[in-house]
Amino acid sequence: MDRTPEKDPEDWTTGDEPMTGPQESYLNTLAQEAGEQVPDGLTKVEASQLIDRLQQKTGRGA
């Protein structure tokens, strides 16, 4: 049940660019809660996919 019709990250035209500052900040928060490390040099797509996974792990995404 999607709340917004978002494009699949794999279809993003800027997906291979470095992750954004807000992505990095949110990822660091999620990773800390999940007891994980955020790899260096993630792209926007990779960061989005990791956010999705960590949201499921921490229960923040629901």
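Analyst: Let's begin with the word "contact": two residues are in contact when they have heavy atoms within 4.5 Å of each other. In this protein chain, 66% of the contacts with a separation of 6 or more are between residues 24 or more positions apart.

A quick note on what you're looking at: this is a predicted model, where local features need pLDDT of at least 70 and side-chain atom pairs count only at pLDDT 80 or more, while totals for chains, interfaces and linings use all residues. Residues are numbered from 1 along each chain as its sequence is written, and side-chain values use heavy atoms, with hydrogens and water left out.

The chain has 2 helices and 0 strands; both kinds of element are DSSP runs numbered from the N terminus, with helices (H or I) at least four residues long and strands (E) at least two. Of the 62 residues, 31% are buried. "Buried" here is under 20% relative accessible area, "exposed" is over 50%, and "partly exposed" is in between, using a 1.4 Å probe and protein chains only.

Now for the inside. The largest nonpolar core has 11 residues: Met19, Leu27, Leu30, Ala31, Ala34, Val38, Leu42, Ala47, Leu50, Ile51 and Leu54. Helix 1 (21-34) and helix 2 (44-58) each put at least two residues into this core. By a nonpolar core I mean buried Ala, Val, Leu, Ile, Met, Phe, Trp, Tyr and Cys residues joined through side-chain atoms within 4.5 Å.

Take helix 1 on its own. The residues of helix 1 that are buried are Gln23, Leu27, Leu30, Ala31 and Ala34. Looking down the axis of helix 1, these buried residues fall within an arc of 100°, so they line one face of the helix. (The arc is taken from the directions from the helix axis to the C-beta atoms.) Pro22 and Gln32, on the other side of helix 1, are exposed. And what covers the buried residues of helix 1? Helix 2 is part of that cover. Just after helix 1 comes Gly35, with a positive phi of about 70°.

Leu30 touches Ile51, Leu54, Gln55, Thr58 and Arg60, if you skip residues up to four places away in sequence. Ala31, also in helix 1, counts as buried because its relative accessible area is 2%. Setting aside neighbours within four places in sequence, Ala31 contacts Glu36, Gln37, Val38 and Leu54. Ala31 and Leu54 are 23 residues apart along the chain, yet their C-alpha atoms are separated by 6.8 Å.

Over on helix 2, the end C-alpha atoms are 21 Å apart, in agreement with the 21 Å that its 15 residues should span at 1.5 Å a residue. The buried residues here are Lys44, Val45, Ala47, Ser48, Leu50, Ile51, Leu54 and Gln55. They pack against helix 1. Just after helix 2, Gly59 has a positive phi of about 80°.

So what sits around all this? Side chains of opposite charge can pair when their charged atoms come close. The structure holds 4 salt bridges, each being a side-chain nitrogen of Lys or Arg within 4 Å of a carboxyl oxygen of Asp or Glu. One of them joins Glu33 and Arg60, whose closest N and O atoms are 2.7 Å apart. That pair links distant parts of the chain, with Glu33 in helix 1 and Arg60 in the segment after helix 2, 27 residues apart. Glu33 counts as partly exposed, at 45% relative accessibility, and so does Arg60, at 42%.

Another salt bridge pairs Arg53 with Glu36, with closest N and O atoms 2.8 Å apart. Here Arg53 is in helix 2 and Glu36 in the loop between helix 1 and helix 2, 17 residues apart. Glu36 also forms a salt bridge with Lys57, the closest N and O atoms being 2.7 Å apart. Since Lys57 is in helix 2 and Glu36 is in the loop between helix 1 and helix 2, this pair ties together parts 21 residues apart in sequence. With shared partners, Glu36, Arg53 and Lys57 form one network of salt bridges.

Conventions: Expected span 1.5 Å × (residues − 1).
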